[in-house]
Structures are given as C-alpha cells and as structure tokens.
Amino acid sequence: MASRWYYYDGQETRGPLSEDEMKLLVSKGKINDDTLAIAQGMTEWKNIRNTTIHQANRQSVDQRVRTASRGSGGFMSRATEKMNKMVGEHGPVDLKLRDLFSQVFQQHTKEESEQIFIAGTAFTTPSEVDISSAWPKPWLFSRVFLIFFITYGMLWICLTEFGNPYALPGLMLIGSFAVPFSLVVFFFETNVPRNINLFDVVRMFFIGGVASIIVTLVLYTIFPVYRISITSAFVIGMVEELGKLLIMIGFISQLNVKYLLNGLLIGAVIGAGFASFESAGYAFRAFQTMRNETFLNVIVMRAWTSIGTHAVWTAIAGGALVLVKQSQPFTLNMLSRSRFLKLMVVPIFLHAFWDMPLPVIGDSVIKVILLIMISWLFIFVLMNSGLKQVTRLSAIKKSAHD
C-alpha cells in the first residue's frame, strides 16, 4: 500500500496525499525543502529535504532553479544561489531591499521606538511559536544615525567656525561611533527572536569590542606584520577575524543562543565595537600628523566605509558559528565543521582584500564599494536563512502542541 503523506503549511496540517501528489506540490513550489512532512511508517516530522520526496525531485528542482536563474540573467540571483548553498539552503534569495527599508522614511511614534529598545527582557521576549518569520523592516537605526550626524555637525561648527579645540575629542568619538553603532541598532532590530536585551548589546559593544582588540594585539605579537603586502594582508585578515571570533565565542556560549539571527547580532556588535575604537585611534593619529581639514577627511572616510567592514565581517562569522551550534552547547570541534569553515573564510578574505594593495584599482572607491556589496549580500543571505530557521522551529513547536 502506498504511503499517505501529510505536511504542515504553517497554520494547519494538510493531507493525506499520495507521494505523486506531494512531488507535484514540490514542483509547483507550493511546498519547499523547509516544509515539515510525515508519512505512514515515519516516527517524527521531517523537513522535505530529509525525505524521499526531496530525493526523488532533487534533479528536476535543481534544473528548474538553474533555468529560472538563467532566465532572469541576473548576477544577483546566481550569486545569492551560491551563497545560499553555503549556508545549507537552496536556490537564489529574493532580496526585496526596497521593502526591507520601507519604514525608514515613514513617521513613527515614541512608543514604537520604546518597544524596540525594551526587547529581550523576560517580559518582552516572545515565545517560539509567536516569533514572526516575516522579513523585518528596521527603521530606528536611521534615527540613531541622524542623531550622530547632527551632533557631529554641531561639533564641526564649534571647531571650524569658532576655532574651539575642545570640540576635537567629540568629533573623534562621534565620527568613529556613528556608523558602527547605527549598524548595531540595525542588527538589533532585525533580530526577530527579540531574545537579546539592550544591556547585553551595550556590554558586548564596549567590553567585547575592546577585548577583541586586546586579543588581536596579542596575536600580532605572534604573527607580526611590518608592511602591507598581498601576503601580509591575509595575515591581517586571519589575525583580526580570529581575535574577534574568540571573544564572540565567549558571548555566544554565555548567552547560549541558538538562532542564526542571534549570531548575526552578536557578531555585528563585537565587530562594531572593534571598528569604533579602532577608528578613534586612526582619528587621533591623523590629528597628530595632519592639518584639521585632512584630519576631518580621515574621520569621514573611516565613517562611511565602516558600513561594510568589521561589524559586517564579524556578523558573518557569528552567523556561521550559530549555524553549526544550533541549540547545542558550544564545543571546539564545531570550529572544524566544513559549513563553519566555508563561511568563516569569507570575512577573512573580505578583510584581506580590503587591506590588500591590488594592482590597477589599488584602494579605489570601486574596490571598497564592491567589497561592501559582497559583504552585505552574505548578510542578507544569512538573514534569509535565519528567518527560515525561525519558521521551522516555530512549526515544530506548533506541531508538538497540536
């Protein structure tokens, strides 16, 4: 007798269906690899990808995905498909960036911002079945950046129009912290499990950021770099990303997180802290050796380029670590798993190419923008996978309750 299948569509259980009917639903895209299914003879619900339905349909599904990608002809589709495969998902990611940032230019109330800031407490963390798996629409980060921008502008007036030297430390700090801390708020907003509170975020930003600098400096005593070259750029990438990773492991273990989106947030916070204090150091050194105008240019350059440096690189590493950790306690052997290593080399290479003196393009804006775009593509792919993880866990909880 042929097996009768059932699947969970996110709201209720559907079935019984024959195996051919299930294959037809897969081919039409009505259900996908993440859909939970069970058949007669099975003892537990499984994702379609782990059943005979997926194995029978895999070849035709892969062909359909490739055809769709070629039809669209989009570089973005092909790139996200390869990145998606690295995180264990399937097919290209439909990036609706306009929808993602649609709330930035909308009006919001004070109460809405308060709801974001109180996330992560025992009273505000939602249960697993109530976590939204829809793409988040962050907006508060833009208001935080605006506050930094206005503050920087007023300090700039104090320095340039009134010649007040007391504005210099403020310019260094605000200019160094503006973009990294705004990115922290962005990742805080996109952490849809809402299970990490603001106090822990601030703690990781300051203590984690400075601690990762200390660990990096220790590693530099073992692997010193005397001048920038193609080889030394890789040493810089490995040393600094490893330094941040070691500190990040401590916080991930302490908070015992299991959501990929948590990993993105923790990594981004530690990386942002690292970037902020590093940029403040660059600003101070520039002030000692350059005129005011050049010193201010260094601050601005470090500020806008930090949108795609340490915070984003460490977020990728954090996502990779939680991707292999899941709900298990952290163990060192997780660092040797192929999925983690494949993703961990991404920030190392991005960091290395950022510092590397490349022929022809050198340190041009083209190189910087290209590396920023690649970094954020990985972030959005990991974010997409994180939302799918939320969907799967929520469905399992609901199924268990039923």
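Biologist: How do the residues of the lining of the second largest pocket divide into nonpolar, polar and charged?

Modeller: Bearing in mind that this is a predicted model, the lining of the second largest pocket divides into 9 nonpolar, 9 polar and 6 charged residues. The space in this pocket comes to about 480 Å³, and of the 24 residues that line the second largest pocket, Asn32, Asp34, Leu387, Lys388 and Thr391 are the closest to its centre. Two elements, strand S1 (5-8) and helix H14, each give two or more residues to this lining, and H14 supplies the largest share, with 6 residues.

The largest pocket, for its part, has a volume of about 860 Å³ and is lined by 29 residues, with Glu278, Tyr282, Arg302, Trp354 and Asp355 lying nearest its centre. Among the elements that give two or more residues to that lining are helix H8 (198-222), helix H9 (230-255), helix H13 (338-355) and again helix H14 (365-401). By class, the lining of the largest pocket holds 16 nonpolar, 7 polar and 6 charged residues.

Helix H10 gives the most to the lining of the largest pocket, namely 6 residues, and H10 is itself mostly covered, with 22 of its 30 residues buried. The length of H10, which runs over residues 260-289, can also be checked: at 1.5 Å a residue its 30 residues should span 44 Å, and because its end C-alpha atoms are 43 Å apart, the two values agree.

Note on methods: Residues numbered from 1 in each chain as written. Predicted model: local features only at pLDDT ≥ 70, side-chain atom pairs only at ≥ 80, totals over all residues. Heavy atoms only, no water. Helix = DSSP H or I, 4+ residues; strand = E, 2+ residues; numbered from the N terminus. Expected span 1.5 Å × (residues − 1). Buried < 20%, exposed > 50% of the residue type's maximum accessible area, 1.4 Å probe, protein only. 1 Å grid on protein atoms, 1.4 Å probe; cavity = no way out; pocket = protein on both sides within 12 Å on 5 of 7 lines; lining within 4 Å. Points joined across faces, edges and corners; volume = space filled by probe spheres on them. Nonpolar A, V, L, I, M, F, W, Y, C, P; charged D, E, K, R; others polar.
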